[in-house]
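Q: I am new to this structure and would like to learn how to read it. Could we go through it together, one feature at a time?

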Amino acid sequence: CYIIINNIFNKKGNIKEIKKENKISYYQLIVCSKKICLIFKKLTNFRSKIPYIKDDLSNKFLCCGLMDSDGYITKINPTDGYTRYRIGYHSTSIFIKDFKKILEKINIKVGKISIRKGFSGRVGKRKSEKESYNMMINTESFSKNLFFMIERKQLILENYKNFATTRKPNG
């Protein structure tokens, strides 16, 4: 990413390590440029659209990045004893519709987009006046085609893959 930004915009940025619990969680590239901000605002129609990308590999990495930022994966142990894994995407951005189309283009099964008003999605957070959007993503198709770059999310996905290969088929 650092090299791409430098090649396209002739800008050098700073790479920052983001740590959680004294472990590197991810790296952040910080580039200060009004020109780059204006270009991305125009490309995204002021952060309401995802620009069309023809290349499926680029779309996969875009999806992985979006899932790292606003996606979630959880292991559910319900009272019926049947372990389930759930993957979804929650955001206040309207471009979730574009994201859904990209996921479907790369063969990821997705559910309907639900809209909530005044829901933060996080425990202890104050409710927001903004609308938020949620979309469930099929765990099996996600696990076969995509991944998380955030280690704690990828670990849950790996646990799902191990679980899916060892569970008995229904019936």
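Q: Is Cys37 buried, partly exposed or exposed?
A: Let us begin with the terms: buried means under 20% relative accessible area, exposed means over 50%, and partly exposed is in between, with a 1.4 Å probe and protein chains only. Cys37 has a relative accessible area of 44%, so Cys37 is partly exposed.

Q: What kind of model is this, and how are the residues counted?
A: This is a predicted model, in which local features need pLDDT of at least 70 and side-chain atom pairs count only at pLDDT 80 or more, while totals for chains, interfaces and linings use all residues. Residues are numbered from 1 along each chain as its sequence is written, and side-chain values use heavy atoms, with hydrogens and water left out.

Q: How many disulfides are there?
A: A disulfide is a pair of cysteine sulfur atoms within 2.5 Å. A search of the whole structure gives zero of them.

Q: Which helices and strands does the protein chain have, and in what order?
A: Helices (H or I, at least four residues) and strands (E, at least two) are DSSP runs, numbered from the N terminus. The protein chain has six helices and six strands. Starting at the N terminus, the order is α-β-β-α-α-β-β-α-β-β-α-α.

Q: What box do the C-alpha atoms fill, and what share of the residues is buried?
A: Taken along the principal axes, the box is roughly 60 × 35 × 35 Å. Of the 171 residues in the protein chain, 30% are buried.

Q: How do I read the way two helices pack?
A: Two packed helices are described by the angle between their axes and the distance between the axes. Axes here are lines fitted to C-alpha atoms, for helices over the stretch in contact, and angles run from 0 to 180 degrees between N-to-C directions. Take helix α3 (residues 56-70) and helix α4 (residues 96-105): their axes come within 10 Å and cross at roughly 130 degrees.

Q: What is that orientation called?
A: Angles under 35 degrees count as roughly parallel, over 145 as roughly antiparallel, 65 to 115 as roughly perpendicular and the rest as oblique. The helices α3 and α4 are therefore oblique to each other.

Q: Which residues meet where α3 and α4 pack?
A: Contact means heavy atoms within 4.5 Å. From α3 come Asp56, Asn59, Leu62, Cys63, Leu66 and Met67, and from α4 come Phe99, Ile102, Leu103 and Lys105.

Q: Which residues of α4 are buried, and what covers them?
A: The buried residues in α4 are Ile96, Asp98, Phe99, Lys100, Ile102 and Leu103. Their cover includes α3, β4 (84-91), β5 and β6 (131-137). After α4 comes Asn107, with a positive phi near 65 degrees.

Q: What does a strand residue such as Val110 touch?
A: Val110 lies in strand β5 (residues 110-117). Leaving aside neighbours within four places in sequence, Val110 is in contact with Lys100, Leu103, Glu104, Met135, Met136 and Ile137. Val110 is 22 residues from Gly88 in sequence, and their C-alpha atoms are 8.8 Å apart in space.

Q: Is Ile87 buried or exposed?
A: Ile87, found in strand β4, is buried, with a relative accessible area of 0%. Not counting residues up to four places away in sequence, the residues that Ile87 touches include Met67, Tyr72, Phe142 and Leu157.

Q: Where can I find residues with a positive phi that are not glycines?
A: Look at the loop between β1 (14-20) and β2 (23-30), where Glu21 is found. Glu21 has a positive phi of about 55 degrees, and Asn22, in the loop between β1 and β2, has one of about 60 degrees. Glu21 counts as exposed at 75% relative accessibility, and Asn22 counts as exposed at 79%.
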